Amino acid sequence: MKSFARFALAGCLAAAAGAAHADEADFLRSFQGNFAGKGTVKVTTDAPTVNVSCRFNSDATSNSLSLDGTCRGLVVVTRAISADLKSSGTKYTGTYVGSRTGPAQLSGRRSGNAINLGIRWAKEVNGDRTAQMTVEKSGEDGMRLTVIDVDPKTGERVMTSRIDLRRI
């Protein structure tokens, strides 16, 4: 009887893991498409806020998400931005390109409708090499990209970018 109970428990755990993978795949695929929107960016925590207009192409599979786009601010400044994420269950790892310091490493987890990622910059930004990024599903056709860093002078968390996008 103990063998049967262990077998049944193993079967339930495998089924739950399969359901979790299916949920993650559906979540990732919901980001598929072309997006456009507006937001704000600060180069450093004490820099002035710049309004930006952005366009992204998002390619999603059952275990990956790739965002590739550009943001334009101050009419003449354009920056290419991309993020490539791979999932293993609710854990995510990847790379972010768009910072003037070079490619940054990403790692984190999904919580509800958001992928919460730690950023490891290639070089120091705002006194250290860490920040937080959130890729959040916003309604059926929206996405929000947010970066939060710590101001080295005050120790306070500062939103250095927030971009709200809609599927086009």
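Apart from neighbours within four places in sequence, Glu-24 touches Ser-62, Ser-87, Gly-89, Thr-90, Tyr-92 and Arg-110. The model described here is a predicted one. Glu-24 belongs to helix α1, which covers residues 2–29. Is this residue buried or exposed? Glu-24 counts as buried, because its relative accessibility is 2% and the cut-off for buried is under 20%.

The chain as a whole can be described next. It contains 1 helix and 10 strands, and their order along the sequence is α-β-β-β-β-β-β-β-β-β-β. The chain has 168 residues, and 39% of them count as buried. Taking contacts between residues at least 6 apart in sequence, 35% join residues at least 24 apart.

Strand β3 (residues 64–73) is paired with strand β2 (residues 50–60) and also with strand β4 (residues 77–88). The table sets out these two pairings.

| Strand pair | Direction | Bridges |
|---|---|---|
| β2 and β3 | antiparallel | 9 bridges |
| β3 and β4 | antiparallel | 10 bridges |

Asn-57 has Asp-68 in β3 as its bridge partner. On the β4 side, Ser-64 stands opposite Lys-86.

Leu-74, Val-76 and Val-77 make a nonpolar surface patch of about 320 Å². Of these residues, Val-77 is placed in strand β4. Its relative accessible area is 46%, so Val-77 is classed as partly exposed; the limits for that class are 20% and 50%. A residue needs over 30% relative accessible area to be part of a patch, and Val-77 has 46%.

Glu-24 and Val-77 therefore fall into separate classes: Glu-24 is buried at 2% relative accessibility, whereas Val-77 is partly exposed at 46%.

Technical notes
Residues are numbered from 1 along each chain as its sequence is written. This is a predicted model: local features need pLDDT of at least 70, side-chain atom pairs count only at pLDDT 80 or more; totals for chains, interfaces and linings use all residues. Side-chain values use heavy atoms; hydrogens and water are left out. Two strands pair if DSSP finds at least two bridges between them. Helices (H or I, at least four residues) and strands (E, at least two) are DSSP runs, numbered from the N terminus. Patches are made of residues with over 30% relative accessible area and no salt bridge: like charges are joined within 9 Å, nonpolar side chains (Val, Leu, Ile, Met, Phe, Trp, Tyr) within 5 Å. Accessible areas come from the Shrake-Rupley method with a 1.4 Å probe; for residues, only the protein chains shown count as cover. A salt bridge is a side-chain nitrogen of Lys or Arg within 4 Å of a carboxyl oxygen of Asp or Glu. Buried means under 20% relative accessible area, exposed over 50%, partly exposed in between (1.4 Å probe, protein chains only). Contact means heavy atoms within 4.5 Å.
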